[in-house]
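Subject: Structure for your review

Dear colleague,

Please find below the sequence and the structure that I would like to hand over to you. My notes on what was found follow directly after them.

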Amino acid sequence: MAVISFDDERMEAACGGRDMKLLAKEYALLRFLHDNVNRVFSRDQLLDRVWPGEYPVDRTVDDHVYRLRKKLKAAGGPSIETIRGIGYSLALSPSPVGADALSLRDPAVQEAMNGIFARYHRLGQGRALLALAAQRESLGFELDAFYALYVHFVEGDLRWFVTHEAAPIRERIYWLLLFYLVVDTPEPKSAVCERALRLRALPPEGHREMEILNIADLYAEEGRIGEALSTLDTARRVSREQALDGFVVPIEISALYVRLMQGDPALAERQSAEAARLLEREPYLRELAGYRLLEGARLLLAGSAAAGEALIREGLDTLARSGFVPHRLLALRRLVGVLDRHAPGGDAGRRYAKQLQAEYAKFGLDEWQDRLGERILDYLDRLEESL
């Protein structure tokens, strides 16, 4: 591996004797990572150290890392590793566990680690899930096919799902549709999801979840309350018949959103009480956070502004701790949708809509949503032509 040398006066770097043409901030970022070799830094930490006093977005770090990686690779230099859910590190030492680790061939280890992933998933502990995924090499295990995709979804990495061709589109289409649920589009989105269901475009588990749960949000958003409620009634029946325990709480929180969009305060209060009862028994972070935002919206609409705002702040804090980016976007979108439907033009609605737009920008959804729609429609068109 070629050694990097730095000339701080000229802000120039060379790798293995070959000059690297770096922009000023690329040089500063590489210099900082090199000075702190093998240490992991989050995007926020890198923004503080390399862009002090400036106000760039998180994508700034990602873009600079992307360009640096290409230049380092061309020069035969070290790599900048992505530590999923944590940040970036300049790696100058090999991983302590290689591909020949005995644990990689031990089915008991693989089964145990997949069980831990499943539990973190159920508990809504996205940060723990990502941290464990980041250590898979040193711990000597491999992610199964589902979690190999799921870690990118938890991070909100839409660009990966749109551009990454190593995973077949049929394996990515469900995740692409989940991103599609939370982006802004001028056209109604339920028709696209209904078409995907009609064409059997999704893997079996994704098809089931879209059909009995995810699409209910779109129906409610589009004012099709009866269809949303019917979808959730089906979801309750299927979850009972198939013992889908993990669906029970999300179904009732989705039902709270539908009742709030419907605009009947008594029905919304009753549904809120049911969701709260279930969460007392299973207070999973992801679902608890989503409930708090919806209950906060209900309180705001009922005239309890202080209590509603406090609960929304608590919910946003819980979402941040859970680490599930798409669920944060969905919860904010639901909140904004309810307030826009029943208190249009209000201060709270404008404030949370602005926050949602900032989240879109932070995770690149505004940049990639057109490509997202094109990718989905192209796949569905090709699938329909083949039938």
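Rings of Phe, Tyr and Trp (its six-membered ring) pair if their centres lie within 6.5 Å. Please keep in mind throughout that this is a predicted model.

Aromatic rings

A search of the whole structure gives 17 aromatic pairs. In one of them, the ring centres of Phe 6 and Tyr 27 are 5.8 Å apart and the planes meet at 80°; the pair is therefore edge-to-face, since planes over 60 degrees apart count as such. This pair connects distant parts of the chain, for Phe 6 belongs to strand β1 and Tyr 27 to helix α1 (residues 24–35), 21 residues apart. Tyr 27 has a relative accessible area of 4%, so this residue is buried.

One aromatic cluster is formed by Phe 117, Phe 141, Phe 146, Tyr 147, Tyr 150, Phe 153, Trp 160, Phe 161, Tyr 174, Trp 175, Phe 179 and Phe 324.

Over the ring of Tyr 180 sits the charged end of Lys 189, 5.9 Å from the ring's centre. Arg 351 lies over the face of Tyr 352, at 5.0 Å from the ring centre.

Ile 225 is placed in helix α12 (residues 225–241). Its relative accessibility is 13%, and because buried means under 20%, Ile 225 counts as buried. Leaving aside residues up to four places away in sequence, Ile 225 touches Tyr 219, Ala 220, Val 258, Met 261 and Gln 262.

Helix α13 (residues 245–262) has 18 residues, which should span 26 Å at 1.5 Å a residue; the C-alpha atoms at its ends are 27 Å apart, in agreement with that value. Of the 18 residues in α13, 13 are buried, so the helix is mostly covered. Gly 263 follows α13 and has a positive phi, near 90°.

Most residues other than glycine have a negative phi. Ala 243, in the loop between α12 and α13, has a positive phi near 55°. With a relative accessible area of 54%, Ala 243 is exposed. Met 11 is not a glycine either, yet its phi is positive, at about 55°. Met 11 is found in the loop between β1 (4–7) and β2 (12–15), and its relative accessibility of 38% makes it partly exposed.

Yours sincerely,
A colleague

Methods. Residues are numbered from 1 along each chain as its sequence is written. This is a predicted model: local features need pLDDT of at least 70, side-chain atom pairs count only at pLDDT 80 or more; totals for chains, interfaces and linings use all residues. Side-chain values use heavy atoms; hydrogens and water are left out. Helices (H or I, at least four residues) and strands (E, at least two) are DSSP runs, numbered from the N terminus. Buried means under 20% relative accessible area, exposed over 50%, partly exposed in between (1.4 Å probe, protein chains only). Contact means heavy atoms within 4.5 Å. The expected span of a helix is 1.5 Å times one less than its number of residues. Rings of Phe, Tyr and Trp (its six-membered ring) pair if their centres lie within 6.5 Å; planes under 30 degrees apart count as stacked, over 60 as edge-to-face and the rest as tilted. A charge sits over a ring if NZ of Lys or CZ of Arg is within 6 Å of the ring centre and within 35 degrees of the ring normal.
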